[in-house]
Amino acid sequence: MSQPDLEELAEIGEDRFGRRVITFSCCRMPPSHELNHRRLLEYLKHTLDQYVESDYTIVYFHYGLNSRNKPSLGWLQSTYKEFDRRYKKNLKALYVVHPTNFIKVLWTIFKPLISHKFGRKIIYFNYLSELREHLKYGQLIVPPEVLRYDEKLRNLHGGQVPAPAKTPPPRPPLPTQQFGVSLQYLKDKNQGELIPPVLRFTVTYLREKGLRTEGLFRRSASVHTIREIQRLYNQGKPVNFDDYGDVHIPAVILKTFLRELPQPLLTFTAYEQILGITSVESSLRVTRCHQILQSLPEHNYAVLRYLMGFLHEVSRESIFNKMNSSNLACVFGLNLIWPSQGASSLSALVPMNLFTELLIEYYEMVFSTQEARGGLGAGAVEAGEQSGPVSRGRTPRRPGLVPRASAAPDGARETPLVLEASR
């Protein structure tokens, strides 16, 4: 099986609370004699290794598995053993969509090997509509074959199929609304203040009490708690994060705010320009970042500068919080930019994360105030190569180096072809 073929097997996105969602589609599995199962396993492990340190969810579309592409039970058993506790600890749910009798047989075989705790994470859905309650269904990339099969199932069962929850008609936002509204709306409702209140409150709190918290921005929080805090903010009521006793909660609120903006902070217009950052010579990438930001609306630029300044502070404490600019970029890349239609391929994650890392790592150069929003000169780049912002306990790097998370030998860099990324 070739590298491009692997691209069709699985996708990656996020749920509404920022947890990674990885989907696997059996209908895209080639015949077994064409698939290198060992290579597939290595690829899956390589992909999961990027996310297992944080909470994540797997969606398994079972439709399409047949006698021609079904892996052997021996391979499935050895594969399960390959995924040790490190992979299972932060897995929040394994959603199995369109299960069949084969799944029941597998469950009988594997039940002695599966812990009770892990078994509780497995949830069966007979119809795609049942996913809507748990995930951002509209952001999932569901193969057309699965959609047609689901429609066929619903037609077969007629009116017995539970109808998907209807989306209520949009209502005008509250005057105090904070989530899901534009930056312009927030500015108009807050006496012309450019920095949205939620962003300012969370950044201020985290700067005072969270800079040295290990894994900051990588941990999730209770869904109920996040919804409650969103409700309080939207109703204009005060929120005291000390009442919750968890510094990761304001971190999740900050990411949620960015993710629920009607348009990404870096704007739809800049999407293609950002994807081109990897084709720019390494020594010129900081300059290119600076140039791309010049096209942003002034409001977006001001908010982005405020946020990146804070994330730069976080990265300078990486010896304590383990969140250097590369790790922060992996968390924030998808929260700052996404396409206007559909989803980004996993290959787009590399330039998105690289662009974000450069903004954080070389914050003072990218957001240079020397010429306000003018261009960077060659002298600035040369100076940056020698004296760019250095995180405490870190070695300075040349501008534009590929983030460590994606750095690999040339052959290995072609590996991330399987997944698709969505908001």
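Colleague: Is Ser315 buried or exposed?

Modeller: This is a predicted model: local features need pLDDT of at least 70, side-chain atom pairs count only at pLDDT 80 or more, and totals for chains, interfaces and linings use all residues. Residues are numbered from 1 along each chain as its sequence is written, and side-chain values use heavy atoms, with hydrogens and water left out. Buried means under 20% relative accessible area, exposed over 50%, and partly exposed in between (1.4 Å probe, protein chains only). Ser315 has a relative accessible area of 0%, so the residue is buried.

Colleague: Which backbone oxygen lies 2.7 Å from a polar atom of the Ser315 side chain?

Modeller: Ser315 is found in helix H14. Helices are DSSP runs (H or I, at least four residues), numbered from the N terminus. The oxygen at 2.7 Å from the side chain of Ser315 belongs to His312.

Colleague: What does Glu313 touch, not counting residues up to four places away in sequence?

Modeller: Glu313 also has its place in helix H14, residues 298-316. Its relative accessible area is 28%, so Glu313 is partly exposed. Contact means heavy atoms within 4.5 Å. With residues up to four places away left out, Glu313 touches Arg207 and Leu211.

Colleague: What separates the C-alpha atoms of Glu313 and Ile360?

Modeller: Along the chain, Glu313 and Ile360 are 47 residues apart. Their C-alpha atoms are separated by 8.8 Å.

Colleague: How many residues apart are Arg207 and Glu313, which form a salt bridge?

Modeller: Side chains of opposite charge can pair when their charged atoms come close. A salt bridge is a side-chain nitrogen of Lys or Arg within 4 Å of a carboxyl oxygen of Asp or Glu. For Arg207 and Glu313, the closest N and O atoms are 2.9 Å apart. The pair links distant parts of the chain, with Arg207 in helix H9 (residues 197-209) and Glu313 in helix H14, a separation of 106 residues.

Colleague: Where does Asp242 lie, the residue that forms a salt bridge with Lys209?

Modeller: The closest N and O atoms of Lys209 and Asp242 are 2.9 Å apart. This pair also links distant parts of the chain, 33 residues apart. Lys209 is in helix H9, and Asp242 is in the loop between helix H10 (223-234) and H11.

Colleague: How many salt bridges does a search of the whole structure find?

Modeller: One of them joins the side chains of Glu193 and Arg200 at 2.8 Å, N to O. Glu193 is partly exposed at 33% relative accessible area, and Arg200 is partly exposed at 31%. The search of the whole structure gives 6 salt bridges.

Colleague: Which parts does the aromatic pair of Phe179 and Phe257 tie together?

Modeller: Rings of Phe, Tyr and Trp (its six-membered ring) pair if their centres lie within 6.5 Å; planes under 30 degrees apart count as stacked, over 60 as edge-to-face and the rest as tilted. By this rule there are 10 aromatic pairs. Phe179 and Phe257 are edge-to-face, at 6.2 Å centre to centre and 75° between the planes. The pair ties together parts 78 residues apart in sequence, because Phe179 lies in the loop between helix H7 (144-157) and helix H8 (183-189) and Phe257 in helix H11 (residues 248-259).

Colleague: Over which ring does the charged end of Arg212 sit?

Modeller: A charge sits over a ring if NZ of Lys or CZ of Arg is within 6 Å of the ring centre and within 35 degrees of the ring normal. The charged end of Arg212 lies 3.9 Å from the centre of its ring, that of Phe320.

Colleague: Which residue caps the N-terminal end of H16?

Modeller: In helix H16 (residues 325-336), 11 of the 12 residues are buried, so the helix is largely enclosed by the rest of the structure. At its N-terminal end, a side-chain oxygen lies 3.1 Å from the backbone nitrogen of Ser326. The residue that supplies this oxygen is Asn324.

Colleague: Which residues touch the most other members of the largest nonpolar core?

Modeller: A nonpolar core is a set of buried Ala, Val, Leu, Ile, Met, Phe, Trp, Tyr and Cys residues joined through side-chain atoms within 4.5 Å. The largest has 96 residues, and those touching the most other members are Phe217, Leu293, Leu304 and Met308.

Notes
Helices (H or I, at least four residues) and strands (E, at least two) are DSSP runs, numbered from the N terminus. A polar contact is a pair of N or O atoms within 3.5 Å; within protein, one must be able to donate a hydrogen and the other to accept it, and residues adjacent in sequence count only if both atoms are side-chain atoms.
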